[in-house]
Amino acid sequence: MLTEREIHRYSRQIAFIGEEGQERLKAAHVVLAGAGGLGCPAATYLAVAGVGRLTIIDSDKVEMTNLNRQILHWEQDIGRNKTVSAREKLGAMNPDLFIEDVCEVITGQNASALIGRAALIIDALDNFPARYALNLAALEHGIPCIHGAVSGYDGHITTVIPGETACLQCIFPDPPGGSEFPIIGTTAGIIGLMQAHEAIKFLTGGGTLLKNRLLIWDGRDSSVTFLDLERDPVCRACGECTQGAGSERGEP
Amino acid sequence: MKITVRAFARFREVVGDVTALDLPEGSGLPALLAALASRSDESRDLLVDEQGTIREHIIFMVNRKRVSRSALDSIILAEGDEVAIYPPVAGG
Ligand SMILES: [Zn+2]
C-alpha cells in the first residue's frame with residue numbers, strides 16, 4: 001500500500017501509471033550492476049521513480065576522470081567507494097527507498113549470490129567478462145536483464161528475458177576488446193536513461209520492451225537504428241544443449 | 001551486382017553511413033569485407049586483426065538476418081542485398 005506521502009510525491013506519474021503501477025515500483029527489487037556512466041543516470045531515475053529496493057554493485061573507487069559522466073559522484077567523493085557515494089546521493093534524493101551497496105567485482109563465482117531474487121537487473125557494467133558472468137547468473141535465476149553499453153558517441157541497449165529472447169552471449173558471442181574507452185558524458189546519460197526507462201516499463205507493464213531488438217544509438221546525428229535479434233540455438237550460455245556450459249567464460 | 005552496406009558506430013565514421021558496392025556476380029560475404037578492408041588502413045584495422053582474420057566481435061547482418069561466425073565464409077550475396085556491420089561498444 002502507498003502512503004499519503006507517496007501518493008503525493010508520485011502524483012504526476014500515478015496519473016499515468018496508476019496507483020497499481022506505483023505499487024509495483026515500490027515492491028520491486030532492482031539490481032544495478034555498475035555505478036558508473038550508465039549506472040548513475042539509471043539509478044537516479046529509478047530512485048526518484050520510487051523503485052522500492054535498489055542493490056548497487058561496483059568495486060571501484062571514484063576517480064577524478066569519472067566526473068565527466070558519473071553524475072552521482074562529485075569532487076568530494078574522489079577516493080571513496082562508488083557504491084557508498086551512490087547510496088548517499090540516492091538516499092538523499094529519495095529517503096523512502098531501501099538501498100544496498102555491494103563493493104565487489106562481479107565474477108562467475110559470486111554473480112548468482114549477488115543478484116539473489118531481484119525482479120530485474122540493469123547491466124551497466126564496463127567490461128564483457130563481468131557482463132557474461134551477470135548474463136549467466138540472470139539466465140540461471142530467470143531474471144530479466146537490461147543490457148546497455150557505450151563508447152564515444154555510440155551506444156546500444158537491449159532487454160534480455162531468459163528463455164524468451166536472445167541472451168547477451170547470443171548477441172555478442174565474442175567480447176569486444178578495449179578497456180579504457182573514450183566517452184562523452186551525454187552518451188552514457190542517454191543509454192543509462194533508456195535502461196531506466198526500459199526498467200520502468202518492465203516493472204509497471206507499460207509500453208513495448210526492447211525484446212530481441214538491439215537499439216543502436218548514434219550520437220553523431222542523434223539517429224536510432226534497430227537490429228532484430230534471435231536466440232542462438234547453440235549459444236554457450238542459453239543454448240538448449242549447452243545450458244551452463246559457458247560458465248568458464250564468465251571469468252575475468 | 002550492387003550490394004548496400006550499412007555501417008554503424010566506429011565503422012560508420014570510417015566508411016560512411018550507407019555505401020553501395022559493385023561486386024562480381026556470385027561474390028560472398030568475405031569478398032565484400034575484403035573490398036571494404038581495402039578502402040583504407042583504418043577500415044582494414046576495424047575489420048581484421050593482425051593475422052588478417054575478421055575480428056570476432058563484429059556483428060554482421062545480411063538482409064536484417066544475423067550471420068553467425070561459422071556461416072560467414074559460406075554466405076553468397078545477391079543483387080540488392082543489404083549488409084549491416086556493427087562493431088559493438090563495450091563500455092559503461
Ligand atoms: Zn544465449
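**Labels and their grounds**

Guide: Let us begin with Asn212(A), which is found in the loop between H8 and E7 of chain A. Helices (H or I, at least four residues) and strands (E, at least two) are DSSP runs, numbered from the N terminus. This is a predicted model, in which local features need pLDDT of at least 70 and side-chain atom pairs count only at pLDDT 80 or more, while totals for chains, interfaces and linings use all residues. Residues are numbered from 1 along each chain as its sequence is written, chains are lettered from A and ligands numbered from 1 in the order in which they are written, and side-chain values use heavy atoms, with hydrogens and water left out.

Visitor: Why is Asn212(A) called partly exposed?

Guide: The relative accessible area of Asn212(A) is 22%. Buried means under 20%, exposed over 50%, and partly exposed in between (1.4 Å probe, protein chains only). Asn212(A) therefore counts as partly exposed.

Visitor: What makes the backbone of Asn212(A) worth a remark?

Guide: Asn212(A) has a positive phi of about 55°, although it is not a glycine. Most residues other than glycine have a negative phi. In chain B, Asn63(B) also has a positive phi, of about 50°. Asn63(B) sits in the loop between strand E3 (59-62) and strand E4 (65-67) of chain B, and its relative accessible area of 41% makes it partly exposed.

Visitor: How do you know which atoms coordinate the zinc ion?

Guide: Donors are N, O and S atoms within 2.8 Å of the metal (3.2 Å for Na, K and Ca); water is not among the atoms, so sites may look incomplete. The SG atoms of Cys167(A), Cys170(A), Cys235(A) and Cys238(A) lie at 2.2 to 2.3 Å from the zinc ion and coordinate it. Along the chain, these donors follow the spacing C-x2-C-x64-C-x2-C. The pair Cys167(A) and Cys238(A) links distant parts of chain A, 71 residues apart: Cys167(A) is in the loop between strand E6 (154-160) and helix H7 (168-171), and Cys238(A) is in the segment after strand E8 (223-228). Cys167(A) and Cys238(A) are buried.

Visitor: Why is the arrangement around the zinc ion called tetrahedral?

Guide: Four donors count as tetrahedral if all angles lie between 85 and 135 degrees. The 4 donor atoms here subtend angles of 94 to 120°, so the arrangement is tetrahedral.

Visitor: What makes Lys89(A) and Asp77(A) a salt bridge?

Guide: The term requires a side-chain nitrogen of Lys or Arg within 4 Å of a carboxyl oxygen of Asp or Glu. The closest N and O atoms of Lys89(A) and Asp77(A) are 2.6 Å apart, and the pair forms a salt bridge. Lys89(A) lies in helix H4 (residues 82-93) of chain A and Asp77(A) in the loop between strand E2 (53-57) and H4, so the pair ties together parts 12 residues apart in sequence. Lys89(A) counts as buried because its relative accessibility is 7%, and Asp77(A) counts as buried at 0%. Over all chains, the rule gives 23 salt bridges.

Visitor: Which salt bridges does Arg220(A) form?

Guide: Arg220(A) pairs with Asp154(A), with closest N and O atoms 2.8 Å apart. That pair links distant parts of chain A, 66 residues apart: Arg220(A) is in the loop between strand E7 (213-218) and E8, and Asp154(A) is in strand E6. Arg220(A) also forms a salt bridge with Asp218(A), again at 2.8 Å. At 28% relative accessibility Arg220(A) is partly exposed, whereas Asp154(A) is buried at 4% and Asp218(A) is buried at 5%. These residues belong to a network of salt bridges whose members include Asp221(A), Arg10(B) and Glu42(B).

Visitor: Why is chain B said to be as compact as a globular protein of its length?

Guide: Chain B has 3 helices and 5 strands, running β-α-β-α-α-β-β-β from the N terminus. The radius of gyration of chain B is 12 Å, close to the 12 Å that the globule rule gives for 92 residues, so chain B is as compact as a globular protein of that length. The radius is taken over C-alpha atoms, and the rule is 2.2 Å times the number of residues to the power 0.38. Of the 92 residues of chain B, 49% count as buried.

Terms used: Tetrahedral: all angles 85-135°; square planar, octahedral: opposite > 155°, others 65-115°.
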